[in-house]
Amino acid sequence: MTTVATRSLLLGSASAAVVLARRRYLHWGCTAAEVASALPGDELVPNVNVTATRAVSIAAADDAVWPWVAQLGQGRGGFYSYDFLENLAGCDIHSADRIVPEWQSIAVGDEVKLHPEVGLRVALLDPGTVLVLRGGIPMGAVAPPYDFTWAFIVRAQADGTTRLLVRERYEYTRRWSSLLVEPVQLISFIMSRRMLRGIKRRAEQRVVGTSGPQDGVTAK
């Protein structure tokens, strides 16, 4: 095999691996139907450049899952992910291990903070099933180079379990937007997977009736 042919083969293999890896981290936990389906909030960012849809099955009813979604946010329930990584960026996140009644109230227009100085607005809400946040993270004095929605969809299943879907949609507003968004997607995958598993663990442990002041949930 010639050197040129070998290089072409290696380049093709590497490109295929990147495509497969990207597909996995953009669609972790989802069925093909879920990836292809329209979800509430999609209409807010119609000219989408990147969509990431991730999901998890939870052995608990939807009304045991929603309270954990409702109290998302810095200064509230946190994001049930890697707090120590978020706090390296000064986010001051402390993920809750219990449902706090005063954090259950949320309305369209409310701000859900990612950081003490940065937040997203509630753009769409159907209590019990849908929470869609919208906004972006500014770069100092520069506005975010994208329009962004972050949707949380709680779907009750016929067998009494729940599917929790999380969808991110980005519409680029600058030519260089992809240089920022694409690398962030791998980080988003790592944090979102941990978040989905964190909500799953909390909801399922609460359902089994473990006793204690924190409903038997231990943070990890």
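1. The side chain of serine 95 places a polar atom 2.8 Å from the backbone nitrogen of tyrosine 80. This is a predicted model: local features need pLDDT of at least 70, side-chain atom pairs count only at pLDDT 80 or more, and totals for chains, interfaces and linings use all residues. Residues are numbered from 1 along each chain as its sequence is written, and side-chain values use heavy atoms, with hydrogens and water left out.

2. Serine 95 sits in the loop between α4 (83-88) and β2 (111-115). Helices (H or I, at least four residues) and strands (E, at least two) are DSSP runs, numbered from the N terminus. Serine 95 counts as buried because its relative accessibility is 13% (buried means under 20% relative accessible area, with a 1.4 Å probe and protein chains only).

3. Beyond four places in sequence, serine 95 touches Gly77, Gly78, Phe79, Tyr80, Ser81, Asp83 and Arg202 (contact: heavy atoms within 4.5 Å).

4. The sheet is open and antiparallel, with six strands in the order β1-β6-β5-β4-β3-β2. Strands pair if DSSP finds at least two bridges between them. β1 (50-58) and β2 are the edges, each pairing on one side only. Neighbouring strands are turned by 20 degrees on average, direction ignored.

5. β4 (130-135) and β5 (146-156) pair antiparallel over six bridges. Leucine 131 stands opposite phenylalanine 152 in β5.

6. Helix α3 (62-70) packs on the sheet and touches β1, β3 (118-126), β4, β5 and β6 (162-172). The α3 direction makes about 155 degrees with that of β5 (axes are lines fitted to C-alpha atoms, for helices over the stretch in contact; angles run from 0 to 180 degrees between N-to-C directions). Helix α5 (177-207) also packs on the sheet, touching β1, β5 and β6, at about 10 degrees to the direction of β1.

Terms used:
Buried < 20%, exposed > 50% of the residue type's maximum accessible area, 1.4 Å probe, protein only. Polar contact = N/O pair within 3.5 Å; in protein donor to acceptor, adjacent residues only side chain to side chain.
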